[in-house]
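Please read them with the structure open beside you.

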Amino acid sequence: EQQKNLTLLSLYERADNPMLWQYHGAGHQGVVLELDQTHEFFTAKHYHDAPQLFRPVKYGQDRPLKLPDTHPFAALFHRSEHYATEREWRVLRPTSVAAKSLPLDDSIVYLHRMPSSIVKSVVFGAMMVPEQKEKIVSLLRTDLRYRNIAVFECRLDPVQYTLHRVSISPDDAEQ
């Protein structure tokens, strides 16, 4: 019941993980925002006067047991070892501090305002539609908050099942 009053944000350490692009990145057609994980948006003990947790996910074979000495939300920061390649971090906050909520299917998505200074780079998926890429690059270059951030795209390795994050200039995105 307590979990219904929480928001959970999943973040991942690497923008070149093919599995994450396949399942969370719209089949390599999405966008990754690289965020500054050292920013107080994540590291502060409180967000808008409410407690928050920012921790890496621990991976293993055993489910965490609800023991008196463990944190009440410990299970939210543990996953099966099968997911270890994701290298996930999670932010946990109460829904009461969300800036906005939106209905999605049979649930509600809670959104939190992020400071623009938290964005370090933008990474396009290897299969992103060129017109979408052009529009996003145009927005990044015209918005003073984002015009100096790094822009990358993932490219498929021709021989191995890996992705390469390659820096692109605004001119490259228009091709």
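1. Helices (H or I, at least four residues) and strands (E, at least two) are taken here as DSSP runs, numbered from the N terminus. On that basis the chain has four helices and 13 strands. The model is predicted, and local features need pLDDT of at least 70, side-chain atom pairs count only at pLDDT 80 or more, while totals for chains, interfaces and linings use all residues. Residues are numbered from 1 along each chain as its sequence is written, and side-chain values use heavy atoms, with hydrogens and water left out.

2. On overall dimensions, the C-alpha atoms of the chain fill a box of roughly 60 × 40 × 35 Å along the principal axes. The accessible surface of the chain (Shrake-Rupley method, 1.4 Å probe; for residues, only the protein chains shown count as cover) comes to about 12000 Å², and 52% of that belongs to carbon and sulfur atoms. Of the 175 residues, 33% count as buried, where buried means under 20% relative accessible area, exposed means over 50%, and partly exposed lies in between (1.4 Å probe, protein chains only). Contact means heavy atoms within 4.5 Å; among contacts between residues at least 6 apart in sequence, 62% join residues at least 24 apart.

3. Turning to open space, a pocket is defined on a 1 Å grid over the protein atoms alone, as an open set of points where a 1.4 Å probe fits, with protein on both sides within 12 Å along at least five of seven lines, and its lining residues have an atom within 4 Å of a point. Grid points are joined across faces, edges and corners, and a volume is the space filled by probe spheres set on the points. The largest pocket has a volume of about 860 Å³. Of the 24 residues that line this pocket, Ser-10, Leu-11, Tyr-12, Val-32 and Leu-33 are the closest to its centre. Two or more lining residues come from each of strand S1 (6–12), helix H1 (18–24) and strand S2 (31–35), and S2 gives the most, with five. By class, the lining divides into 14 nonpolar, five polar and five charged residues, where Ala, Val, Leu, Ile, Met, Phe, Trp, Tyr, Cys and Pro count as nonpolar, Asp, Glu, Lys and Arg as charged, and the others, Gly among them, as polar.

4. The second largest pocket has a volume of about 360 Å³. Its lining is made of 14 residues, and nearest its centre lie Thr-7, Leu-8, Leu-9, Val-109 and Tyr-110. The elements that give two or more residues to this lining are S1, strand S8 (88–94) and strand S10 (107–111), with S10 giving the most, five residues. The lining holds ten nonpolar, three polar and one charged residues.

5. Which residues touch the most other members of the largest nonpolar core? In this core of 20 residues they are Phe-42 and Phe-124, a nonpolar core being a set of buried Ala, Val, Leu, Ile, Met, Phe, Trp, Tyr and Cys residues joined through side-chain atoms within 4.5 Å. Helix H2 (40–43), strand S11 (119–124) and helix H3 (130–142) each give two or more residues to this core, and the largest share, three residues, comes from S11. Leaving aside neighbours within four places in sequence, Phe-42 is in contact with Leu-9, Leu-11, Leu-35, Asp-36, Gln-37, Gln-52, Phe-54, Val-91 and Ile-118.

6. Please also look at Glu-88, a charged residue that lies in strand S8. Glu-88 is buried, because its relative accessible area is 2%. Beyond four places in sequence, Glu-88 is in contact with Ser-10, Leu-11, Tyr-12, Pro-56, Val-57, Tyr-59 and Arg-79.

7. His-28, in the loop between H1 and S2, has a positive phi near 75 degrees, and at 10% relative accessibility His-28 counts as buried. Arg-87, in the loop between strand S7 (78–80) and S8, has a positive phi near 50 degrees, and at 37% relative accessibility Arg-87 counts as partly exposed.
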